Amino acid sequence: MNAGFVIPVFNHGATIADVVRALAPYKLPIIVVDDGNDETNKAQIAAAADSCKNAVLVTRHKNGGKGKAMVSGVLKAHELGLSHVFQIDSDGQHDTSRVPFFLAEAEKFPDCVICGYPEYDASVPRIRKSAREISNNWARVCALSGEIVDAMCGFRVYPTEPYYQLLKHHACIDSRMGYDADILVHLLWKGVRIKSYPVKVTYPADGISNFRMVRDNLHISLSFAKLFLGMIVRLPFFAVRSLRRRIAHE
């Protein structure tokens, strides 16, 4: 397995150095994606990338959202010949001590997405937790699968090739806050399986969030509406695939 990290960064210049520092000991490529940041954040992101010899800086000149930033990172990972992409957020909320376990599971199940689900401490906003479960339920419906434990966690390992094939065939992946759920559902539609494991998540009191309650909830709702329609269109294919799997196991 030839894995590397992809970290999309927007407005988290102050925390990206700590994330890169935590990942550096694993001696894997670290693809840092500057998603159209302002000059202050851009300088901090560049400094963080320069501080680690394994880091590769990808710069997007205009902010496109997490989805487009991840696409830029995955394309760079494919260019570098990486077999797996370990996505991690730039805000420092995820417990990076779980990295070795997730990498080991990716090596054990190389064709699966190794997906984190959050173990919250008392810092999590209650409304955020409740809204997340609504999103998780919609993702399970749209994927026609109970494999999704959490659709929104940004701590996961993707096999690069199926992700790249989605991009190659112009799959319409959400560019912003609906991205994490959207890519999981699309991969499940393509037959990629999911293995889910816990990761501790904290919400620092002084943390910067890119989430905008009204705008992003409306955007996520639209994203799930598109996924639901996509699921309806694909129902005959899913029925045939399910029948074939049943016959193969008899």
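Trainee: What makes helix H1 (residues 13–23) lie across S1 and S2, and at what angle does H1 run to S1?

Mentor: Helix H1 runs at about 170° to S1; axes are lines fitted to C-alpha atoms, for helices over the stretch in contact, and angles run from 0 to 180 degrees between N-to-C directions. Helices (H or I, at least four residues) and strands (E, at least two) are DSSP runs, numbered from the N terminus. Helix H2 (residues 39–50) packs on the sheet and touches S1, S2 and S3, where contact means heavy atoms within 4.5 Å. The model is predicted: local features need pLDDT of at least 70, side-chain atom pairs count only at pLDDT 80 or more, and totals for chains, interfaces and linings use all residues. Residues are numbered from 1 along each chain as its sequence is written, and side-chain values use heavy atoms, with hydrogens and water left out.

Trainee: Why are S1 (residues 3–9) and S2 (residues 30–35) said to pair?

Mentor: Two strands pair if DSSP finds at least two bridges between them. S1 and S2 have 5 bridges, so they pair, in the parallel sense. Val 6 stands opposite Ile 31 in S2.

Trainee: Which strands are the edge strands?

Mentor: The open sheet of 7 strands has the order S3-S2-S1-S4-S6-S5-S7. Strand S3 (55–60) and strand S7 (194–201) each pair on one side only.

Trainee: Why is Cys 153 called buried?

Mentor: Buried means under 20% relative accessible area, exposed over 50%, partly exposed in between (1.4 Å probe, protein chains only). Cys 153 has 1%, therefore it is buried. Cys 153 lies in the loop between helix H5 (126–143) and strand S6 (156–159).
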